[in-house]
Amino acid sequence: MSKNECIFCKIVIGKIPCKKIYEDDSVIAFLDIRPVSDGHTLVVPKAHFERLHQCPPEVLGSIGACVAKIAQAVVGAVGGGGYNVLCNNGRVAGQLVDHVHFHIIPRNEGDEVFTRWPAYEYEQGRADELAVKISENL
Ligand code: AMP
Ligand code: ZN
């Protein structure tokens, strides 16, 4: 998806409206148009990067600081018991908008927002093998 067609780039330049919560030189935050809970917010770098691993460190730093600050404000405002921070990367991971963003999702007891967490146990030796393979790939 090019910058010109990107819906979040259009929000950044004011071409598409949003329910804005916060803005500074490098970050904008606004309410998700299709929330999974009240106050569901998106924190978005103003610069267009498709995936998290493509963002330079200074962009990651400013988003990280904003996510923490905005999460506190969101949860305080809606009275949530907690929150999830989610960053989908790639179609298989559920990313629909190819402009990096963090979801802040207020959570409450029994809200059933994430009903499936398919945890399992590694077979013998697999965790060691993966830990080595991943660290060698850094
Ligand atoms: P993802 O699946 O992680 O790419 O999430 C994209 C999110 O952007 C979805 O939760 C959408 O509801 C949200 N979204 C898409 N268009 C807009 C928009 N114009 N304003 C606010 N949120 C939007
Ligand atoms: Zn964009």
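**Aromatic pairs and a zinc site**

Visitor: Is F8 buried or exposed?
Guide: This is a predicted model, and its relative accessibility for F8 comes to 7%. The cut-off for buried is under 20%. Because 7% falls on that side, F8 counts as buried.

Visitor: How many aromatic pairs does the structure hold, and which residue forms one with F8?
Guide: The structure holds two aromatic pairs. In one of them the rings sit 5.5 Å apart, centre to centre, with 75° between the planes. Since over 60 degrees counts as edge-to-face, that is the arrangement here, and the partner of F8 is F30.

Visitor: How many residues apart are F8 and F30?
Guide: F8 belongs to helix α1 (residues 7-12), whereas F30 belongs to strand β2 (residues 27-31). F30 counts as buried, at 3% relative accessibility. The pair links distant parts of the chain, and its separation is 22 residues.

Visitor: What is the relative accessible area of Y120?
Guide: Y120 forms an edge-to-face pair with Y122, at 6.2 Å centre to centre and 75° between the planes. Y120 is exposed, and its relative accessible area is 67%.

Visitor: What is the geometry of the site of the zinc ion (ligand 2)?
Guide: The zinc ion is coordinated by C6 (SG), C9 (SG), H48 (ND1) and H99 (ND1), at 2.0 to 2.3 Å. The angles among the four donor atoms are 105 to 118°. Tetrahedral requires all angles to lie between 85 and 135 degrees, so the site is tetrahedral.

Visitor: How far apart in sequence are the parts that H48 and H99 tie together?
Guide: Both histidines, H48 and H99, are buried. H48 lies in the loop between β3 (41-45) and α2 (57-78). The donor spacing is C-x2-C-x38-H-x50-H. H99 lies in the loop between β4 (82-86) and β5 (102-107), so the pair ties together parts separated in sequence by 51 residues.

Methods: Residues are numbered from 1 along each chain as its sequence is written. Chains are lettered from A and ligands numbered from 1 in the order in which they are written. This is a predicted model: local features need pLDDT of at least 70, side-chain atom pairs count only at pLDDT 80 or more; totals for chains, interfaces and linings use all residues. Side-chain values use heavy atoms; hydrogens and water are left out. Rings of Phe, Tyr and Trp (its six-membered ring) pair if their centres lie within 6.5 Å; planes under 30 degrees apart count as stacked, over 60 as edge-to-face and the rest as tilted. Helices (H or I, at least four residues) and strands (E, at least two) are DSSP runs, numbered from the N terminus. Buried means under 20% relative accessible area, exposed over 50%, partly exposed in between (1.4 Å probe, protein chains only). Donors are N, O and S atoms within 2.8 Å of the metal (3.2 Å for Na, K and Ca); water is not among the atoms, so sites may look incomplete. Four donors count as tetrahedral if all angles lie between 85 and 135 degrees; four count as square planar and six as octahedral if opposite donors are over 155 degrees apart and all others between 65 and 115; anything else is irregular.
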